[in-house]
Amino acid sequence: MKKKTKKILSLILALGMIAGVGVFANGLMGNPLSKWLATNTAKKRLAEVYAGKDYEIERVTYSFKDGGYHAFIISPESPDSEFTIRLDMMGKLSWDSYEDRVLSGENTAARINKEYRAATENIFTSPSFPYDTHIEFGDIEFIAQEFAGADDLPAYALFTEDLELDQVYDIGELGKAAGHLVLYVNDEDVSVEKAAEILLEVKQLMDAGGVSFHVIDLVLQYPKPTDDSPRREGRVETMEFLYADIYEEGLVERVDAANEAAIAHHAKMDAESEKITGGMKEK
């Protein structure tokens, strides 16, 4: 009897362990039945809500982060029509990003910005680019119209709602209106005069490449220290320096003023951060 009881207990323990592993695996990777249910629900939604569209399911994947399945929807004829349908383990719809991504213009803005970033990268990484950089990119600033006027968002940003689905845009022209370059340059000469020289050169190169911009953040600093050269402090910085202000007459003075403004900005941010962390320590 005792042996039989031990066998039963061992069987129960083994089944419990198997069940535990199954639950763990299900939470980590999902299961075929749930994926099938999710896929069917996604198909029905495309047929019922998006009838007449050429949308199709690219793939259905499980996300252990939210414990659900994501059906990725694409259109062979519309590059801006990608969106996601989220479903739970029982195949029930929990979220559809069509309105947020397609109708809002977010996808179109992302496509345009990708093209602009690639165009600026071609110039920054060209063998003929005359400066040593370690951060260099360009973005076109887009925001939803509801956020217009917000203090922490650029006033020159374009509205995503104004974009047309799949429309081909001139990124050079959009760059003039809302292009934002970020450029970190390493150089032995860290001065406002050198920064002014760099701004003029970058403007000329961008214009020649047909990729204009509206503002530029430039950070001019010393090269990284090596075993033979110690770390040197000091840098010149401009924050959202206007393309329209990059011309020779008085440029050094404008860069100097921009650098002083950047120093004041960082000092203010540091003081506010110190105030917050100081308050947390007191508590």
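Two strands pair if DSSP finds at least two bridges between them. Helices (H or I, at least four residues) and strands (E, at least two) are DSSP runs, numbered from the N terminus.

The model is predicted, so local features need pLDDT of at least 70 and side-chain atom pairs count only at pLDDT 80 or more, while totals for chains, interfaces and linings use all residues. Residues are numbered from 1 along each chain as its sequence is written, and side-chain values use heavy atoms, with hydrogens and water left out.

First, the whole chain. The protein chain has seven helices and ten strands. Of its 283 residues, 36% are buried, where buried means under 20% relative accessible area, exposed over 50%, and partly exposed in between (1.4 Å probe, protein chains only). A contact means heavy atoms within 4.5 Å. Among contacts between residues at least 6 apart in sequence, 58% join residues at least 24 apart.

Now the sheet with strands S1 to S4. This open sheet has four strands in the order S1-S2-S3-S4, with antiparallel pairing. Which strands stand at the edges? They are S1 (56-63) and S4 (93-96); each has a single partner strand, so one side of each is left without a neighbour in the sheet. On average, neighbouring strands here are turned by 20° against each other, direction ignored. For angles, axes are lines fitted to C-alpha atoms, for helices over the stretch in contact, and angles run from 0 to 180 degrees between N-to-C directions.

Inside this sheet, S2 (residues 68-74) and S3 (residues 83-87) pair in the antiparallel sense over five bridges. One example is Phe-72, whose bridge partner in S3 is Thr-84. Helix H2 (residues 32-49) packs on the sheet and touches S1, S2, S3 and S4; its direction makes about 145° with that of S1.

S3 and S4 also run antiparallel, joined by three bridges. Ile-85 has Asp-96 in S4 as its bridge partner. The two strands form a hairpin with five residues between them, and Gly-91 in the turn has a positive phi of about 85°.

Next, the other four-stranded sheet. Its order is S5-S8-S9-S10, it is open, and the pairing is mixed. The edge strands are S5 (132-140) and S10 (235-242), each pairing on one side only. Neighbouring strands of this sheet are turned by 5° against each other on average, direction ignored. S9 (residues 215-221) pairs with S10 in the antiparallel sense over six bridges, and Gln-221 has Arg-235 in S10 as its bridge partner. Helix H6 (residues 192-208) lies across S8 (179-186), S9 and S10, running at about 135° to S9.

Is Ile-246 buried or exposed? Ile-246 is buried, with a relative accessible area of 2%. It is found in the loop between S10 and helix H7 (251-282). Not counting residues up to four places away in sequence, Ile-246 touches several residues, including Leu-199, Phe-213 and Phe-241.

Last, a helix pair. The axes of H4 (residues 106-124) and H5 (residues 171-178) come within 10 Å and cross at roughly 90°. H4 and H5 are therefore roughly perpendicular to each other; the cut-offs are under 35 degrees for roughly parallel, over 145 for roughly antiparallel, 65 to 115 for roughly perpendicular, and oblique for the rest. Ile-112, Glu-115, Tyr-116 and Ala-119 in H4 meet Ile-171, Leu-174 and Gly-175 in H5.
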